[in-house]
Amino acid sequence: MKLIECYNLETAYIASLNRPILNGINFHINQGEFVVLLGLNGAGKSTLLRSLLGLVPLVSGEIYVHGVQITPQTLRKVRRDIGMLFQGGGLIQQLSAIENVLCGRLGVRTTGQTLFGFPERDRILALELLEQLGLKEQIYQKTSRLSGGQQQRVAIARALIQSPQILLADEPTTGLDVVASQQVMQTLAQLNSEQGLTIITVLHDLGIAAEYAQRAIVLDAGRIVYDGKCNNLQAQFAQGFKLVETYKEYEE
Ligand SMILES: Nc1ncnc2c1ncn2[C@@H]1O[C@H](COP(=O)(O)OP(=O)(O)OP(=O)(O)O)[C@@H](O)[C@H]1O
């Protein structure tokens, strides 16, 4: 089933780039896929990821999530299905791990509901998620005292507390050592295989991409130059993606 569909996305012309950041972007992603977005610095990966949340103004093109087109009217509804891990985690350092996770519920709770603390069932859910992500000992620890890998897993728990169907992640392993990177990627892989979470992640490491993702979408100067399996990515990069491939398996 098509979960995300993008047709002819184009963003505004940027004088410093002498082109739009994104141009002629077409793809769709099925439920349960694990997709990696690759490309050199400035290729437009983060912009493409953010456009799926309606955070990027488009001059043309359409994005559908679950068959619903993203418009100002549908934005709130569409965003409820999508969790986002921003570059650097974006956690509040002075708060504890569980408080950060509970922040993921702010969008669905009124001020009145959180004035005297979050509802009990939110707290239970947050505890369960932190335990599931291997952070049982760190639940009440101040976030600034956690390691980079632990912080990234708190950020994953915060994204998951709204039970999204889609998880977008912008370079989730940046700044992490090899072990922590593997743990974060294994966490994402598990969520994908065991809970059917659809994952789209920007990565820079081709090895990690090939190890975890089933499909790679490669951007170059705002256009898709490859959309296919993760085999042979090193060689493809070396050849400069002269042949534009599309992922036939995913076309109907
Ligand atoms: N609002 C903006 N105004 C002008 N230029 C922008 C804006 N947002 C992004 N850019 C430029 O657009 C290009 C694409 O940015 P984007 O962050 O999407 O690339 P990226 O592929 O994620 O790069 P990186 O790997 O460095 O994170 C960059 O050259 C960036 O400087």
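**View 1. Alanine 221 sits in the loop between β11 (215-220) and β12 (223-229).** Before we look around, note that this is a predicted model, in which local features need pLDDT of at least 70, side-chain atom pairs count only at pLDDT 80 or more, and totals for chains, interfaces and linings use all residues. Residues are numbered from 1 along each chain as its sequence is written. Helices (H or I, at least four residues) and strands (E, at least two) are DSSP runs, numbered from the N terminus. In the hairpin of β11 and β12, two residues lie between the strands, and alanine 221 has a positive phi near 45°. For comparison, most residues other than glycine have a negative phi. Alanine 221 counts as partly exposed because it has 17 C-beta neighbours inside 10 Å. (A residue is buried with 20 or more other C-beta atoms within 10 Å of its own, exposed with 12 or fewer, and partly exposed in between; C-beta atoms are placed from the backbone.)

**View 2. Strands β11 and β12 pair in the antiparallel sense over six bridges.** Two strands count as paired if DSSP finds at least two bridges between them. Follow the partners across: aspartate 220 has arginine 223 in β12 as its bridge partner, and valine 218 has tyrosine 226.

**View 3. Six strands make an open sheet in the order β8-β9-β10-β5-β11-β12, with mixed pairing.** Each of the edge strands, β8 and β12, has a single partner, so one side of each is left without a neighbour in the sheet. From one strand to the next, the twist averages 15°. Axes here are lines fitted to C-alpha atoms, for helices over the stretch in contact, and angles run from 0 to 180 degrees between N-to-C directions.

**View 4. Four strands form an open, antiparallel sheet in the order β4-β1-β6-β7.** At its edges stand β4 (25-30) and β7 (68-69), each with a single partner strand, so one side of each has no neighbour in the sheet. Inside, β1 (residues 2-11) and β6 (residues 58-65) run antiparallel and are joined by six bridges. Look for glutamate 5, which stands opposite tyrosine 64 in β6.

**View 5. The largest nonpolar core has 64 residues.** Such a core is a set of buried Ala, Val, Leu, Ile, Met, Phe, Trp, Tyr and Cys residues joined through C-beta atoms within 7 Å. The residues with the most contacts inside this core are Leu37, Val101, Leu129, Leu130, Ala157, Leu168 and Ala216. Helix α6 (residues 148-160) gives the most to the core, with six residues. In soluble globular proteins, nonpolar side chains tend to be buried together. Leaving out residues up to four places away in sequence, leucine 37 touches Lys45, Leu48, Leu49, Ile200, Thr201, Val202, Ile217 and Leu219. (Two residues are in contact if their C-beta atoms, placed from the backbone, lie within 7 Å.)

**View 6. Glycine 89 lies in the loop between β8 (82-85) and α3 (97-103).** Is glycine 89 buried or exposed? Glycine 89 counts as buried because it has 20 C-beta neighbours inside 10 Å. Not counting residues up to four places away in sequence, glycine 89 touches Gln151, Gln152 and Ala155. Glycine 89 and threonine 174 are 85 residues apart in sequence, and their C-alpha atoms are 9.8 Å apart in space.

**View 7. Asparagine 18 is found in the loop between β2 (13-14) and β3 (19-20).** Its phi is positive, about 65°, although asparagine 18 is not a glycine. Asparagine 18 is exposed, with 8 other C-beta atoms within 10 Å.
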